[in-house]
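Let's take a walk through this fold, one piece at a time. Keep the viewer open and click along as you read.

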Amino acid sequence: MGRHKNATGPIRFFLDREGRMRDRALFDLAIDSKLRGCDLVKLKIGTLVTGREIRARAMVTQQKTGRPVQFEITSDARTSVLAWLERRGGSVEDFVFPSRADPNDHLSTRQYARLVDEWVTAIGLRKEEYGTHSLRRTKASLIYKATGNLRAVQILLGHTKIENTVRYLGVDVEDALELAEHTEV
């Protein structure tokens, strides 16, 4: 959803209309956290909850890098996650998104990818153009476009090298020149 049409509003509308609380919470957390699918599906309730509230910020150790990454949870996401967790129940040790096949396990990354395909096609977009990674990239791209701050995006994505962030966002000469043109000295 980074370089393409922003589909976040239509997807949220679809999920709300269909009463899909879990999927709405999953979608909102995917956008806010900017986590890879493998880290998103493994979130534990205790990572997101403090007392009876959803945290404004959370931290996870990324599977790919072994490094911690912090993320914000916006008020809309806190609302959808709280609604889901109130329905779901469970303890701080449980997964936020349990597997339907094995309640002690988490939603699989494959099932998460199938859900994203379903959401995207439900609003009339081509699933070939959007995937779980589009969700990871969405907010990062918007932050970069609004600020031009690559270092901030690097931190938010948990990239070890700035080159990876540049490649990931698809920052090119055109972007750099546009930023330069809008900067008065």
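Just after helix 1, Gly 19 takes a positive phi of about 65°. Keep in mind that this is a predicted model.

**Helix 1**

Now step back into the helix itself. Which residues of helix 1 are buried? They are Thr 8, Ile 11, Phe 14 and Leu 15. Look down the axis of helix 1 and its buried residues fall within an arc of 130°, so they line one face of the helix. As for what covers the buried residues of helix 1, the cover includes helix 2, helix 6 and helix 7 (132–147).

Ile 11, which sits in helix 1, is a handy one to click on. Is Ile 11 buried or exposed? Its relative accessible area is 0%, so Ile 11 is buried.

In soluble globular proteins, nonpolar side chains tend to be buried together. Here, the largest nonpolar core has 38 residues, and the members that touch the most others are Leu 29, Leu 43, Leu 48, Phe 71, Tyr 112 and Trp 119. Two or more residues come from each of helix 1 (8–17), helix 2 (21–33), helix 4 (45–48), strand 3 (57–61), strand 4 (68–72), helix 5 (75–88) and helix 6 (109–122). Helix 2 gives the most to this core, at six residues. Apart from this core there's another, made of six residues, including Tyr 144, Val 153, Tyr 168 and Leu 169.

Leaving aside its neighbours within four places in sequence, Phe 71 is in contact with residues including Leu 29, Leu 35, Leu 43, Leu 48, Ala 58 and Val 60. Asp 32, Ser 33 and Arg 57 are also among the contacts of Phe 71.

**The hairpin**

Strand 3 and strand 4 make a hairpin with six residues between them, and Gly 66 in the turn has a positive phi of about 75°. The two strands run antiparallel and are joined by five bridges. At Thr 61, the residue standing opposite in strand 4 is Pro 68. Strand 3 has two faces: Ala 58 and Val 60 are on the covered one, while Arg 57, Met 59 and Thr 61 are on the uncovered one.

**Salt bridges**

Side chains of opposite charge can pair when their charged atoms come close. In this model the salt bridges come to 12. Here are some of them:

| Residue | Partner | N to O distance |
|---|---|---|
| Asp 23 | Arg 22 | 2.8 Å |
| Asp 28 | Arg 24 | 2.8 Å |
| Arg 126 | Glu 129 | 2.9 Å |

Where do Asp 28 and Arg 24 lie? Both are in helix 2, four residues apart, or about one turn of the helix. Asp 28 and Arg 24 are both buried, and so are Asp 23 and Arg 22. Glu 129, on the other hand, is partly exposed, with a relative accessible area of 33%. Salt bridges that share partners also join Arg 12, Asp 16, Arg 24 and Asp 28 into one network.

Technical notes:
Residues numbered from 1 in each chain as written. Predicted model: local features only at pLDDT ≥ 70, side-chain atom pairs only at ≥ 80, totals over all residues. Heavy atoms only, no water. Core = buried A, V, L, I, M, F, W, Y, C linked by side-chain atoms within 4.5 Å. Buried < 20%, exposed > 50% of the residue type's maximum accessible area, 1.4 Å probe, protein only. Contact = heavy atoms within 4.5 Å. Arc of directions from axis to C-beta. Pairing = 2+ DSSP bridges. Salt bridge = Lys/Arg side-chain N within 4 Å of Asp/Glu carboxyl O.
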